[in-house]
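Please open the structure in your viewer and keep the sequence beside it.

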Amino acid sequence: MEISRELLFFFSALGAFNGILMGLYFLFIAKPRHISNYFLGALLIAFSIRIGKSVFFYFNPDLAYSYLQFGLTGCFFIGPFLYFYVKSVIYPKGMITKEWIYHLLVLLPIVAFVSFKYPFEQHVDLWRWTIINSIYHVWLFYSLLAAYVMKDTFIKMFSKGSKLENIEKWTI
């Protein structure tokens, strides 16, 4: 491997690793203990798993299918965690309640069922066309929900004379 590829791999893998560390920080260490920190931590870990899978696959196309499946599973949860992070920041008091538990109680069994019933290694064509497209549709759906929750913030951002608060800037 030439030096430029080695550097690209190093910094790409370092980014994924840092994302996992930051996610763990928000999940277990960050103060104050607010649900938005948990969702941000989970979002960072989901992104890092997705990015890490892509980095390793780019540099090793013969990567085991189980790693690819794990990365795609992480990708599946990016949308839901983004939505619940945004919602927990925009509505910090009570609006989030237990809605996120119900979503995860529906999504986790679906992911577990598909992962075990149709493993990527044995059902490559099903994953490449149907399941991956479904993952991206779920991601899009929850991203649009997050954008909808932020609609007032976006309106405020483009209104003359309105100034965004720091938390609104951070969320955008």
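This is a predicted model: local features need pLDDT of at least 70, side-chain atom pairs count only at pLDDT 80 or more; totals for chains, interfaces and linings use all residues.

Which residues in α4 meet which residues in α5? Select both helices: Pro 80, Phe 81, Tyr 83, Phe 84 and Lys 87 in α4 meet Glu 99, Trp 100, His 103, Leu 104 and Leu 107 in α5, where contact means heavy atoms within 4.5 Å. Helices are DSSP runs (H or I, at least four residues), numbered from the N terminus.

Residues are numbered from 1 along each chain as its sequence is written, and side-chain values use heavy atoms, with hydrogens and water left out.

**First stop: α4 and α5**

Two packed helices are described by the angle between their axes and the distance between the axes. Here α4 and α5 pack at an angle of about 175 degrees, with their axes 11 Å apart. Axes are lines fitted to C-alpha atoms, for helices over the stretch in contact, and angles run from 0 to 180 degrees between N-to-C directions. The angle makes α4 roughly antiparallel to α5 (over 145 degrees).

**Second stop: α3 and α4**

Now select residues 65-76, helix α3, and residues 78-90, helix α4. Their axes come within 4 Å and cross at roughly 30 degrees, which makes α3 roughly parallel to α4 (under 35 degrees). At this contact, Gly 74, Cys 75 and Phe 76 in α3 meet Ile 78, Gly 79 and Pro 80 in α4.

Remain in helix α3 and select Cys 75. This residue is buried, with a relative accessible area of 0%; buried means under 20% relative accessible area, with a 1.4 Å probe and protein chains only. Leaving aside residues up to four places away in sequence, Cys 75 touches Arg 50, Ile 135, Tyr 136 and Trp 139. Cys 75 and Trp 139 are 64 residues apart along the chain, yet their C-alpha atoms are separated by 7.8 Å.

**Last stop: α6**

Finally, select residues 124-149, helix α6. A bend of about 35 degrees occurs in α6 at Ile 131, taken as the angle between axes fitted to the seven residues ending there and the seven starting there. The buried residues of α6 include Trp 127, Ile 135 and Tyr 142. To see what covers the buried residues of α6, display α3, α4, α5 and α7, which are among the elements involved.

How values were computed:
Helices (H or I, at least four residues) and strands (E, at least two) are DSSP runs, numbered from the N terminus. Angles under 35 degrees count as roughly parallel, over 145 as roughly antiparallel, 65 to 115 as roughly perpendicular and the rest as oblique. The expected span of a helix is 1.5 Å times one less than its number of residues. Buried means under 20% relative accessible area, exposed over 50%, partly exposed in between (1.4 Å probe, protein chains only).
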